[in-house]
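Take a look at the chain below.

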Amino acid sequence: QVKLMESGGASVQPGGSLRLSCEASGATSTRYCMAWFRQAPGKAREGVAALDSDGTTSYADSVKGRFTISQDNNGNALYLQMNNLQPEDTANYYCARDIYDRMSAIQALGIIPAFFSTWGQGTQVTVSP
């Protein structure tokens, strides 16, 4: 049983940067896929970025060139570096994990919530003047 805990959300002005962290504890595995999602009020949960246990990454078109997903400690820590933040990035950001390497499916179908079995509680990112 894995527990995920996000941190790093804050209020920031447009053009600013934030770095989100997700710490995994409990029964972690050597094969996995991890991802960041975001959800704004009244909108569907959106996949932002994903990373698997061999380091392959995938990004939503809306964040390519601005956000970078990375890991430390064999996937027990996950990060999202967010640069040039804009008001449309405002959302609750969630960390997610699965014991299967979902990257082939993600590349075919996108970063979707159904691929992930374990979720953190979310951290709020607000971008406003």
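This is a predicted model. Begin with the largest nonpolar core, which has 26 residues. Among these, W36, V48, F67, L80, M82 and Y93 touch the most other members. Strand 1 (2-7), strand 3, strand 4, strand 5 (46-52), strand 7, strand 8, strand 9 and strand 11 (123-127) each supply at least two residues. Strand 3 gives the most, with four. As a general rule, nonpolar side chains in soluble globular proteins tend to be buried together.

Which residues is Y93 in contact with, leaving aside its neighbours within four places in sequence? They are E6, L20, W36, F37, R38, V48, F67, L80, M82, G122, T123 and V125. There is also a second, separate core of 10 residues. That second core includes F37, A96, I106 and F116.

Turn next to the charged side chains. The whole structure holds six salt bridges. One of them joins R31 and D101, at 3.3 Å from N to O. The two partners come from distant parts of the chain, 70 residues apart. R31 sits in the loop between strand 3 (18-26) and strand 4 (33-39). D101 sits in the loop between strand 9 (91-98) and helix 1 (103-109).

Another salt bridge pairs D89 with R38, at 2.9 Å from N to O. Here too the partners lie in distant parts of the chain, 51 residues apart. D89 is in the loop between strand 8 (77-82) and strand 9, while R38 is in strand 4. Both D89 and R38 are buried.

D89 has a further partner. Its side chain also meets R66 in a salt bridge, at 2.8 Å from N to O. R66 lies in the loop between strand 6 (57-59) and strand 7 (67-72), and D89 in the loop between strand 8 and strand 9, so this pair ties together parts 23 residues apart in sequence. R66 counts as buried because its relative accessibility is 16%. D89 is buried as well, with a relative accessible area of 0%. Through shared partners, salt bridges join R38, E46, R66 and D89 into one network.

Finally, look at the largest pocket. Its volume is about 150 Å³. The lining is made up of R38, Q39, A40, K43, A44, E46, P87, E88, T90 and A91. By class, that lining has four nonpolar, two polar and four charged residues.

How values were computed. Residues numbered from 1 in each chain as written. Predicted model: local features only at pLDDT ≥ 70, side-chain atom pairs only at ≥ 80, totals over all residues. Heavy atoms only, no water. Salt bridge = Lys/Arg side-chain N within 4 Å of Asp/Glu carboxyl O. Buried < 20%, exposed > 50% of the residue type's maximum accessible area, 1.4 Å probe, protein only. 1 Å grid on protein atoms, 1.4 Å probe; cavity = no way out; pocket = protein on both sides within 12 Å on 5 of 7 lines; lining within 4 Å. Points joined across faces, edges and corners; volume = space filled by probe spheres on them. Nonpolar A, V, L, I, M, F, W, Y, C, P; charged D, E, K, R; others polar. Core = buried A, V, L, I, M, F, W, Y, C linked by side-chain atoms within 4.5 Å. Contact = heavy atoms within 4.5 Å.
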